[in-house]
Amino acid sequence: MSEPHPSPVDRAFVVLRATASGPGLTLSEISRETGLAKSTTLRLLTALERNNAVTRIGQRYRLGPLVHDLDPIPTSPRYERIRRVLTPFLAHLFESTRTTVHLAALHRDEVVYLNKLHGPRPIPSPSRVGGGLPAYCTGVGKAMLAFDEGAAARVAEGPLPAWTETTLTSADALAVELGEIRRTRRAVDRAELTPGLYCVAAPVFDDDEAGARSSRAVAALSASAPDEGTLARLEPLVLRVAAAAGRALAEDR
C-alpha cells in the first residue's frame with residue numbers, strides 16, 4: 001500500500017521543524033532541507049509567520065512567539081529575583097533614554113528577555129518578554145558571554161550564522177569582541193541581529209566585587225537606537241544604571 005500524499009498540514013510541520021535550528025535558516029536552506037519547492041516553502045513560511053509560528057529576522061526564519069507561548073522558557077527563582085530587583089532600574093533607564101530598553105539573562109546559550117520597556121513608537125525589534133534570541137549577536141548576550149566562560153565556549157563551538165552583514169560569524173572574531181567587552185564593561189550590537197537596530201548593553205553582577213574581572217554576569221541591561229552614532233550618548237547611562245543594579249542585587253541577598 002502506497003504512502004498517503006503529504007497534506008498541506010504535513011508540509012507545514014516539515015517546514016516548522018526545519019526552522020527549529022537555533023539560529024534559523026534561510027528560505028533556500030529550508031527548501032533544500034525539506035525537499036520542497038521554493039515557492040511552496042515560501043507559501044508555507046508566510047502562513048506560519050502570519051500565525052506567529054515562525055518569525056523572520058533578516059533573511060532567516062526561526063521558531064516564533066507562538067512556539068514560546070506553547071512551551072515557554074521555564075521560570076525560576078533566579079529569574080524572578082533578577083526581574084523583581086532590576087525592573088526598577090530598567091524603568092529608570094527607560095526614563096533616562098526614552099528608547100527601547102531590555103533586561104535579559106542567559107538561558108543555556110541563548111538570551112532570555114526578562115523585561116522590556118518601550119515608548120509608543122518603538123524601534124522594530126524581534127525581542128519579546130519570555131522569548132529567546134542568539135546570544136552571540138545581541139548586545140545583552142555578548143555582555144553576559146564575556147563574563148561566562150562556559151557559555152562563551154559552547155557558543156563558539158557551534159555555528160555562528162550571519163543574521164545581517166555585520167554579524168560576527170567566526171569564533172576568533174567573537175573572542176576578540178568578548179575580550180574588548182571585558183575591558184570596557186560594555187557591549188555594542190551594530191545591527192548584528194536586525195538591520196537598522198543598534199544597542200549598547202552592560203553586564204550586571206551579583207557579588208560584592210562587581211569590579212573584579214573574574215566576576216560572572218547574571219544579567220544585562222541595554223538601550224536601543226536607530227543608528228550607531230546615538231550609542232555614544234546612551235553608553236554612560238547604561239553603564240551607570242547597570243552598576244547600580246548590581247549593587248542592588250548584592251544587597252538583596
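Reader: Where is R98 found?
Author: R98 sits in the loop between α5 and β4. Bear in mind that this is a predicted model.

Reader: Is R98 buried or exposed?
Author: Exposed. R98 has a relative accessible area of 57%, and the cut-off for exposed is over 50%.

Reader: What about its backbone? What is the phi of R98?
Author: Phi of R98 is near 55°, a positive value in a residue other than glycine. Most residues other than glycine have a negative phi.

Reader: Which loop holds R185, and what is its phi?
Author: R185 lies in the loop between α8 and β7. Its phi is positive too, near 65°.

Reader: Buried or exposed, that R185?
Author: Buried. R185 has 17% relative accessibility, and buried means under 20%.

Reader: Back to α5. What span should that helix have, and what does the model give?
Author: Helix α5 covers residues 77–97, which is 21 residues. At 1.5 Å a residue, α5 should span 30 Å. The C-alpha atoms at its ends are 29 Å apart, which agrees.

Reader: Where is the kink in α5?
Author: At L86, shortly before the proline P88. The kink is about 45°.

Reader: Which residues of α5 are buried?
Author: Y79, R81, I82, V85, L86, L90, L93, F94 and T97.

Reader: How many salt bridges does the count come to?
Author: The count comes to 16.

Reader: Which residues are linked in a network?
Author: Salt bridges link K142, E177, R190, E192 and E228 in a network.

Reader: Zoom in on E177 and R190. What distance separates their closest N and O atoms?
Author: 3.4 Å, in a salt bridge. E177 is in helix α8 (residues 171–184) and R190 in strand β7 (residues 187–190), so this pair ties together parts 13 residues apart in sequence. E177 is buried, with a relative accessible area of 16%. R190 is partly exposed, at 30%.

Reader: New topic. What is the strand order in the open sheet of three strands?
Author: The order is β1-β3-β2, with antiparallel pairing. The edge strands are β1 (25–26) and β2 (54–57), and each pairs on one side only.

Reader: How many bridges join β2 and β3?
Author: Four, in the antiparallel sense. Strand β3 is residues 60–63. I57 stands opposite R60 in β3.

Reader: Which helix packs on the sheet?
Author: Helix α3 (residues 38–50), which touches β2 and β3. Its direction makes about 105° with that of β2.

Reader: Last one. Which side chain meets R56 in a salt bridge?
Author: E49, at 4.0 Å from N to O. R56 is partly exposed, at 43% relative accessibility. E49 is also partly exposed, with a relative accessible area of 30%.

Note on methods. Residues numbered from 1 in each chain as written. Predicted model: local features only at pLDDT ≥ 70, side-chain atom pairs only at ≥ 80, totals over all residues. Heavy atoms only, no water. Helix = DSSP H or I, 4+ residues; strand = E, 2+ residues; numbered from the N terminus. Expected span 1.5 Å × (residues − 1). Bend = angle between axes of the 7 residues up to and from the residue. Buried < 20%, exposed > 50% of the residue type's maximum accessible area, 1.4 Å probe, protein only. Pairing = 2+ DSSP bridges. Contact = heavy atoms within 4.5 Å. Axes fitted to C-alpha atoms, helices over the stretch in contact; angles between N-to-C directions.
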